[in-house]
Amino acid sequence: MAIPPGSTAPPLSSRSPATTAARAGLSLRQREAVAGYLFATPVILGFILFTLGPILLSIFFSLTSYDIISTPRWVGWQNYVTLLGDGLFWQSIAVTTKAAVVGLPLGLALSLGLAMLLNQKIRAVSLWRTIYFLPSVVSGAAVAVLWLWILNPVFGIVNSLLRQVGLQPPDWLNNDATALWTLVVVSLWGVGGSIVIYLAGLQGIPTELYDAAKVDGATAWRRFIHVTLPMLSPVIFFNMVLGLIWQFQWFTEPYVMTQGGRDNTTLTFMLYLYRNAFSYFQMGYASAMAWIFFAIVLALTLVLFRSGTMWVYYEGERRR
Amino acid sequence: MAVRATRDTSSRLSWYPSPRWRRTLWQAVVYLIVVSGAAIAAFPFFWELTTAFKSPPEVSAWPPVWIPWPLHVENFSLVAGVVPLAQYLKNSVLVVGLVIVGTTVSCSMGAYAFARLRWPGRDLIFLVLLSALIIPGAVTTVPSFIVFQKIGWYNTLYPLIVPSFFGSAFNVFLLRQFFMTIPLEMDEAARIDGAGFPRIFLSIILPLSRPALATVAIFTFMGTWNDFFTPLVYLSDQQLFTLPLGLVFFQGSPHTAMQTQLLMAMSLLVVTPCIVVYFLAQRLFIQGIVITGVKG
């Protein structure tokens, strides 16, 4: 983003520099420091009150048994030990992993493929981009309610159409075999955000690379493998890390559309954490879960970063 | 468009040499995929829009009523007869409005201090702020709830609004990056003219940063307007519900079962402002996504 050309500083009051400097007997440097602290105060205060404080409290609570009414009782590592033997905890990890293992690559392929199509010379390209992006601006509860209607087993348009062609469609969201995958597919509807990121990445690839590859006789497929993918790998990497974190926080759709499923088949990690904290009021237990979540995401991100040195190509990077 | 491309293909099939033929065929395939994908992306919106204006028999009719006529506008007042819709809307507007003000004011102030002013400890503090971004929201949810509950803010709108007035590391980072692109000479020229730091902030930095501020405001709007989790955790009194929470409450209440047209009408109310904002500020939106990587 650049400053618009021709813009100048708006007119300022003509207060004399001498009087300002003399004020309060501080040097210019000191006054700058005071201003710096004053301007940063809300943010620093907010960090202490709403980030650092809660983090420290969360560590403490995770080592206690606490139902929010009686005083917290110190239990040491007990919550973590209990978690390891908690079937539903493992169930929530399994659900989240399944959704991530299927959903992330599908989302990646879908958004990259669509971004490449929208990067072609086609007519009304901005119209298509607008339409593809639209679903991703309306996340959350409204979307969940809308899809509940579309997937309604009796009157929903999807099942009505399927019955019309002679199939016996299941009740997608109330069926142990289909519920989770249905949620994953519904979440794919909102891939517009990553399409935009990939489009920006594609447009950043210099055309000379493609021209050179063509001169060398590379087919479209080889150009994709040897030019597009390596040049796009930082963007893919970035999207994967974001997608991973997002996957663990997946809450609204499972909560609204399946309430975790009949046999907890859609009990995502965040949903189980929510239940522990706000349905069973096991604050200590829920805090311990949050820290395990942090440890898992941190470990996976580090693994991604580590593997990234093998497959992510950064222009201008110096090889070791 | 797709139709035309396809017809071109069939009529030219045998007349043109191979590379040309293949290009046309490829074009046809591209249009076919793009158009059918767009149809899938757009259909749920269309379905929501039309269902919201249907009568109950039209909702369950087969073959489906694509465009209902007359429009059953009374669906919206019917919703308002079952749940306090106006109150939900008022709460949502209040929360979103204050959160946007709080976020832009506190984050731009912080960004100014970190981007343009020199003070001891600045870089260290900034680093600490940034590194805390890797701690997921799930970690702070439970202790924040406990603290807000202890100071009597449970079942009030305060936990939804007040934190925004104390900045957020991510938006501070975003604005700081933008502020740093403004030439320092502008500050110096203003200083020579006798402007103090607050004046430089208000008269130079803020006016020149309108696109960045608008991006922060838009993303704050989308995030807060659509937020379901925070209201769900903190609000129990129906009179305090925001629209998304009210919608899910309405959806779950037994006497609205099978009143799909009412659900869609209410859902439309939640969705429409986002779509309007998106159309009004599409360029800023796309720019913001590319910079931040935030998915909607």
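How many residues of chain B are in contact with chain A? Keep that in mind while you open the model, which is a predicted one, and colour the two chains separately.

**Stop 1: where the chains meet**

Select the contact between the chains first. On one side you will find 92 residues of chain B, and they are in contact with 86 residues of chain A. Now highlight helix 2 of chain B, residues 18-51: with 13 residues, this helix gives the most to the side of chain B that touches chain A. For the model as a whole, the scores are ipTM 0.85 and pTM 0.86.

**Stop 2: the two domains of chain B**

Select residues 2-75 of chain B for domain 1, then 82-292 for domain 2. The C-alpha centres of these two domains of chain B are 37 Å apart. Where they touch, domain 1 of chain B brings 9 residues and domain 2 of chain B brings 7.

Stay on the domain 1 side of that contact. Helix 2 and helix 3 (56-59) of chain B each supply at least two residues there. Which helix of chain B gives the largest share of the side of domain 1 that touches domain 2? The answer is helix 2 of chain B, with 3 residues. By class, this side of domain 1 of chain B has 4 nonpolar, 3 polar and 2 charged residues.

**Stop 3: a covered helix in chain B**

Next, select residues 243-252 of chain B, which form helix 14. Is this helix mostly covered or mostly open? It is mostly covered, as 8 of the 10 residues in helix 14 of chain B are buried. Show their side chains to see who they are: B:Leu243, B:Pro244, B:Leu245, B:Gly246, B:Leu247, B:Val248, B:Phe250 and B:Gln251.

**Stop 4: chain A as a whole**

Bring chain A back and zoom out. You can count 14 helices and 2 strands in chain A. Along the principal axes, the C-alpha atoms of chain A fill a box of roughly 85 × 75 × 45 Å. The radius of gyration of chain A is 26 Å, whereas a compact globule of 320 residues would be near 20 Å. Of the 320 residues in chain A, 36% count as buried. Among contacts in chain A with a separation of 6 or more, 68% join residues 24 or more positions apart.

**Stop 5: one residue up close**

Go to residues 220-248 of chain A, helix 11, and pick out A:Val241. Why does A:Val241 count as partly exposed? Because A:Val241 has 17 C-beta neighbours inside 10 Å, and a residue needs 20 or more to be buried. Leaving aside neighbours within four places in sequence, A:Val241 is in contact with A:Thr301 and A:Leu304.

**Last stop: colour by confidence**

Finally, colour both chains by pLDDT. Chain A has a mean of 86, with 91% of its residues at 70 or more. Residues 1-19 of chain A fall below 50, and this stretch has 28 contacts in the model beyond near neighbours in sequence. Chain B averages 88, and 91% of its residues score at least 70. In chain B, residues 1-14 are below 50, with 17 contacts beyond near neighbours in sequence. Where pLDDT is low, the predicted coordinates should not be read in detail.

Definitions and conventions:
Residues are numbered from 1 along each chain as its sequence is written. Chains are lettered from A and ligands numbered from 1 in the order in which they are written. This is a predicted model: local features need pLDDT of at least 70, side-chain atom pairs count only at pLDDT 80 or more; totals for chains, interfaces and linings use all residues. Two residues are in contact if their C-beta atoms, placed from the backbone, lie within 7 Å. Helices (H or I, at least four residues) and strands (E, at least two) are DSSP runs, numbered from the N terminus. Domain bounds come from an automatic or database domain assignment. Ala, Val, Leu, Ile, Met, Phe, Trp, Tyr, Cys and Pro count as nonpolar, Asp, Glu, Lys and Arg as charged, and the others, Gly among them, as polar. pLDDT is the predictor's confidence in each residue, from 0 to 100. A residue is buried if 20 or more other C-beta atoms lie within 10 Å of its own, exposed if 12 or fewer, and partly exposed in between; C-beta atoms are placed from the backbone. The radius of gyration is taken over C-alpha atoms; the globule rule is 2.2 Å times the number of residues to the power 0.38.
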